[in-house]
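Dear colleague,

I am handing over the structure below, and I would be grateful if you could look through it alongside the notes that follow. Please keep the sequence open beside the model as you read.

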Amino acid sequence: MKAIKALDIIREMESFFKGIVQINKSLCGYTSIKIGGIAALFLEPQSNIDLGLVIQLFKLNNIPFRVIGNGTNLLIDDGRLEIAVIKLSSLFFKEILLKENVLYLRGGVTLAQLLNFSIKNGISGFEFLAGIPGTVGGALVMNAGVRNSLWAARVEESFLCVSDTLIELEVMDGQGEILKLTKSDAGFVYRGSKLNDLIVLGASFKIKKSTIKNVAELVKTFLKKRKMFQPKCSRSAGCVFKNPPGGGISAGELIEKSELKGWRIGQAQVSEIHANFIINQGKATFSQVCELMDFVQSKVNQNFGVKLKPEIEIWNEQGL
Ligand code: FAD
Ligand code: EPU
């Protein structure tokens, strides 16, 4: 991959860029699994205008870029990445606006902030997102969600997804242009969308009015369920593999039945609690996690003839 002339780019940005720009930034602390190497450039734009001008400059200079949310669905190479990474962390991208029955959220709002706002204002419809550690942008790109029925029935296979109540999206394309997309333009599927090559600036959602008490109680119930079935406070990127299509046996169950719970390569370990989580026990490397993923895939394939597909996104030279 061609080296980015970071200092030249920064010099060109000087005349307009009002946000924060850094060179040679470690991404390790920006991911929940705490793995990630150095990005040539790291930018935190101050507004849509700032962002648009930067994207135009990148286009002109052929600079590859990626947006990072909370880095909770990412596995990033621990080598050097010749890319610019953009994080929508400024206050501008954290705005939440409520107008009658519509809630507008900018792309950098975290799901935790959204839930705090929902509880405070008695807004129902987002409770199921409790415990998903991402941002609105990342959640929409991934179409984040959970199983329905509060996981109680266990036979209920339908999923609640962040796109369920979406009205429309505001995105920026690779030319720095702002576009409005409808829900169907975004092509949402189970744990995916067609938004990967766009920047999610914001989205509006239909909401239902409820009471503070009811919303808070439902949030608590979802969190309680999560604590029962998933590892707490560990370094992970959530479920590593998508569930196989057809709503049959889950990836976690296939991995557990392959007797891989607790299996380790270096400091990367298949969680003892939920087999579809890989835990970084401290100093796991990118290659250890990749090797463990390959091993799990081949064992499950051998045992059940099922080819598990990664849910987590991998950023390395091949994947960018
Ligand atoms: P990132 O991981 O930073 O990025 C994910 C993708 O979105 C990347 O392609 C990135 O480039 C892109 N992206 C991020 N922001 C933007 C933006 N503004 N514009 C354009 N692209 C953007 N997921 C579920 O669906 N359900 C769960 O129950 C769940 N539980 C989890 C539990 C744990 C403990 C962990 C660690 C993860 C869990 N996840 C779950 C996975 C993850 O939290 C979600 O996929 C989340 O929505 C990712 O959001 P993020 O902001 O961290 O995105
Ligand atoms: N199971 C096992 N062993 C395990 C894990 C699960 O046998 O180690 C079994 C459970 O007993 C249950 C079934 O598999 O019968 C399903 O388990 P669970 O309810 O935990 O759901 P999941 O399909 O494993 C999905 C999402 C999670 C989400 C939960 C809860 C995927 C890949 N995962 O997990 O999302 O939190 O439902 O709604 O769709 C994520 O995407 O990162 C994520 C964590």
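Glu170 counts as buried because its relative accessibility is 14%, where buried means under 20% relative accessible area, exposed over 50% and partly exposed in between, with a 1.4 Å probe and protein chains only. The model is a predicted one, in which local features need pLDDT of at least 70 and side-chain atom pairs count only at pLDDT 80 or more, while totals for chains, interfaces and linings use all residues. Residues are numbered from 1 along each chain as its sequence is written, chains are lettered from A and ligands numbered from 1 in the order in which they are written, and side-chain values use heavy atoms, with hydrogens and water left out.

The side chain of Glu170 meets that of Lys180 in a salt bridge, at 4.0 Å from N to O, the term standing for a side-chain nitrogen of Lys or Arg within 4 Å of a carboxyl oxygen of Asp or Glu. Lys180 lies in strand S12 (residues 178–182) and Glu170 in strand S11 (residues 166–172), so the pair ties together parts that are 10 residues apart in sequence. Helices (H or I, at least four residues) and strands (E, at least two) are DSSP runs here, numbered from the N terminus. Lys180, at 55% relative accessibility, counts as exposed.

Glu170 also has a polar contact of 2.6 Å with the side chain of Tyr104; such a contact is a pair of N or O atoms within 3.5 Å, where within protein one must be able to donate a hydrogen and the other to accept it, and residues adjacent in sequence count only if both atoms are side-chain atoms. Tyr104 belongs to strand S7 (residues 102–106) and is itself buried, with a relative accessibility of 18%. If residues up to four places away in sequence are not counted, Tyr104 touches Glu95, Ile96, Leu97, Glu170, Leu201, Gly202, Ala203 and Ser204, contact meaning heavy atoms within 4.5 Å. Of these residues, Ala203 is 99 residues from Tyr104 along the chain, yet their C-alpha atoms are separated by 5.7 Å.

In helix H1 (residues 6–13), Asp8 and Arg11 lie 3 residues apart, about one turn of the helix, and their side chains meet at 3.3 Å, N to O. Asp8 is partly exposed at 36% relative accessibility, whereas Arg11 is exposed at 53%. In helix H5 (residues 212–229), Glu217 and Lys213 are 4 residues apart, again about one turn of the helix, and the closest N and O atoms of their salt bridge are 3.7 Å apart. Glu217 is partly exposed at 44% relative accessibility, and Lys213 is exposed, with a relative accessible area of 56%.

Which helix packs with H5 at an angle of about 145°? It is helix H3 (residues 111–121), and the two axes are 7 Å apart, axes being lines fitted to C-alpha atoms, for helices over the stretch in contact, with angles running from 0 to 180 degrees between N-to-C directions. Leu115, Ser118, Ile119 and Lys120 of H3 make the contact with Ile212, Val215, Ala216 and Val219 of H5.

Turning to the strands, 6 of the 7 residues of strand S2 (residues 38–44) are buried. Strand S1 (residues 20–26) runs antiparallel to S2 and is joined to it by 6 bridges, two strands being paired if DSSP finds at least two bridges between them. Strand S5 (residues 80–87) pairs with S2 in the parallel sense over 5 bridges. Ala39 of S2 is the bridge partner of Lys25, and the partner of Ala39 in S5 is Leu81.

The loop between S16 and S17 holds Ala275, which is buried, with a relative accessible area of 5%. Leaving aside neighbours within four places in sequence, Ala275 is in contact with Gly252, Ile255, Glu256, Lys261 and Val270.

With best wishes
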